[in-house]
Amino acid sequence: MTRIGEIIETMSTGFVAESFELNHPPALGSLVVVRLPGAGLVSSTRQGGEGAGIDLYAVVTYGQTAGIDPSRRAVRRSTDEVFDGAIYQHNPELERTLRTEFGAALVGFGRSGRVHQHLPSQLPPLHFSVQEPTSDEVVRFTERLQYLRLLATPYLASGPVSSAGQVPPLQVLSANVRWVYEARGGDRVWLDGAAREIAMLLKSDYEALLTVLYAIEPAESVGTLEGS
Amino acid sequence: MPLKLGPISSQVRRMAQALADQSPLQEAYLHQARQRLRNADVDQLRAKLERHLLRQPRFPWLVAKPLDAGLGFYQQGLAGTSKAPPAPAEFTVIGTDGSSIPPDRHSPVRYFVLNVGYALLTYGPQPNALLDTQSRLCFEDKDLYVFPERRDGAIEGVLFAAQMEAESLRVLREVVPDNSRPTVVLRDGPLTLWTLQNEKDNVQRALLRDLLEGMSFLRERGIPLGGYVSFTGSRDVTNSLRVWLCEGQPNQCEGCTSPDHDLCQALAALRDRDLFAYLEEGERSELFAGSSQILKAYGDQWVDFFYANVGGEVARVEVPRWVSLNAEQLGLLHAVIHDQCQRSPGFPPYPPALLEAHEQAVITMSERGLVDKMVEQALGQLGYPVIRSAKDDSKRRRGV
């Protein structure tokens, strides 16, 4: 079990978690899991029992690093000699005064060996751990592609408008497809299936569909960006 | 709007103009004053100050007394400077700062809260930071009175402020790490609790106990302590210079015919931070002994001080005598203060250990309200009616 964060805000559609590692939230679009013992799950005092546990799956929608105290904004700290990673060596208090958080949208859950790709009936409890799923879990959860609809919902509901600082929903969707493709070992068949699913979702919005298709196309080697 | 900003605005402009008008003249006097500081004879100045202090135990000014030159001080005279030595490759700096919820006479029960924030920052190959607080609700007679057995000497006002200051050193026993790494403790504010100087001896002793024990603890551990005062308003050295210039009785200026009269009067408006503005970045001044009456209660932990250009301002650093007399500890303290200020993201710089200690110590309005509520709830659960003063109640309601 690899714990990567702790839930600090929660709602029926997703949660915000504080990352255990500063500046290293899980990858945009990656799948994360919150494991709940027992069935009822929301009571913080309940420790298992009452039926099988539930694994809630969510896709990372953004990451952000800022001061723990919202009234203290980060300020420039670099000098000619001390910059980038050395700033953290030079100012050890930063590890305690900054925090990295990430948001995740719920895309389904697993219970009793079955995968469900719709929102769970209960929200994930505050302060529970966010974990990395196992490779098998990623494969199992992404066998079906209906969860992509949940990721596309914000776009389908509101269009391309997103508030400042928010990752546009289609970019989250694309990031997830890229991440799953890699996590499944470059599974081209899966990628083609995902592209077809997305084509159905965005059939009435050609420009949006192209945006996603371009973004999920596996990168080809075309030399380094720095040129020849 | 109750505050009439119209007249205030024109007065602000006049105030700024007055400052600007004085500036060239002050520069000339500052130049003269530094010259006098450079040329002053250390032994003669000390003797003159001691003579006056003996004649007038309650000397009207705080003055800076030169230490014993025989111990290696003042090799370049009173205006001597020392560059900050390089900081060790690996060291720890601990900053402490305090805040409080003071006793509230409108509250149905008497209590206060002392909150000490501290930052333990370790630099070197394995940098680390520990930021935390120690919070204490004081409600027993032994906390609320200087003399609990007869419920005398209520801890409030000046005594409460002193208690708060002492608390920031009391917690060090539990905070200072047990390792061999060079370590320095910085306290926000002076070590000289001069506000206690008008209290009776036994009150002074009681309130200084925690502070002096905290200082002794650091002395035993070989950890230098500095009381860091940013943007100091002190005039100890300029006052000593005035005594040096004075041919009669200081502070009895009527009818003074000294040729230095104008310089002396100009010095009255200057602060030590102006006088020591000649220090280069990273340099510190010579050490001087404080002369506050309260220091007599400090025993062998008399407080000395120096000024340091930390790069943007001249700060005052107060140290116990055992640091003054230990060149290695004094050098480490100076080096760490300089290093801290170089690490500061702000300008003028401020030691990050003190900044973070302050951030930890702060008690927000909502936290204050929460403690208030907790007390009321606890009393309510035991059936005690929660009655606040009518005045406080009317301020809370603020009805129109």
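The radius of gyration is taken over C-alpha atoms, and the globule rule is 2.2 Å times the number of residues to the power 0.38. By that rule a compact globule of 400 residues would have a radius of gyration near 21 Å; chain B has 24 Å, which agrees. The model is predicted: local features need pLDDT of at least 70, side-chain atom pairs count only at pLDDT 80 or more, and totals for chains, interfaces and linings use all residues. Residues are numbered from 1 along each chain as its sequence is written, while chains are lettered from A and ligands numbered from 1 in the order in which they are written.

Along the principal axes, the C-alpha atoms of chain B fill a box of roughly 75 × 60 × 45 Å. Chain B holds 14 helices and 13 strands. Helices (H or I, at least four residues) and strands (E, at least two) are DSSP runs, numbered from the N terminus. Two residues are in contact if their C-beta atoms, placed from the backbone, lie within 7 Å. Of the contacts in chain B with a separation of 6 or more, 73% join residues 24 or more positions apart.

A residue is buried if 20 or more other C-beta atoms lie within 10 Å of its own, exposed if 12 or fewer, and partly exposed in between; C-beta atoms are placed from the backbone. In chain B, 38% of the 400 residues count as buried. Just after H14(B), B:Arg398 takes a positive phi of about 45°.

In chain A, 11 of the 15 residues of H5(A) are buried, so this helix is largely enclosed by the rest of the structure. Among them are A:Leu170, A:Leu173, A:Trp179 and A:Val180. The buried residues pack against strand S4 (54-67) and helices H3 (135-141), H4 (147-158), H6 (188-201) and H7 (206-216) of chain A. The expected span of a helix is 1.5 Å times one less than its number of residues. For helix H5 (residues 169-183) of chain A this gives 21 Å, and the end C-alpha atoms are 21 Å apart, which agrees. A:Gly185 follows H5(A) and has a positive phi, near 75°.

The contact between the chains takes 12 residues from chain B and 11 residues from chain A. On chain B, strand S4 (112-123), strand S5 (128-138) and helix H12 (352-361) each supply at least two residues. S4(B) gives the largest share, four residues. The chain B side divides into eight nonpolar, two polar and two charged residues. Here Ala, Val, Leu, Ile, Met, Phe, Trp, Tyr, Cys and Pro count as nonpolar, Asp, Glu, Lys and Arg as charged, and the others, Gly among them, as polar.
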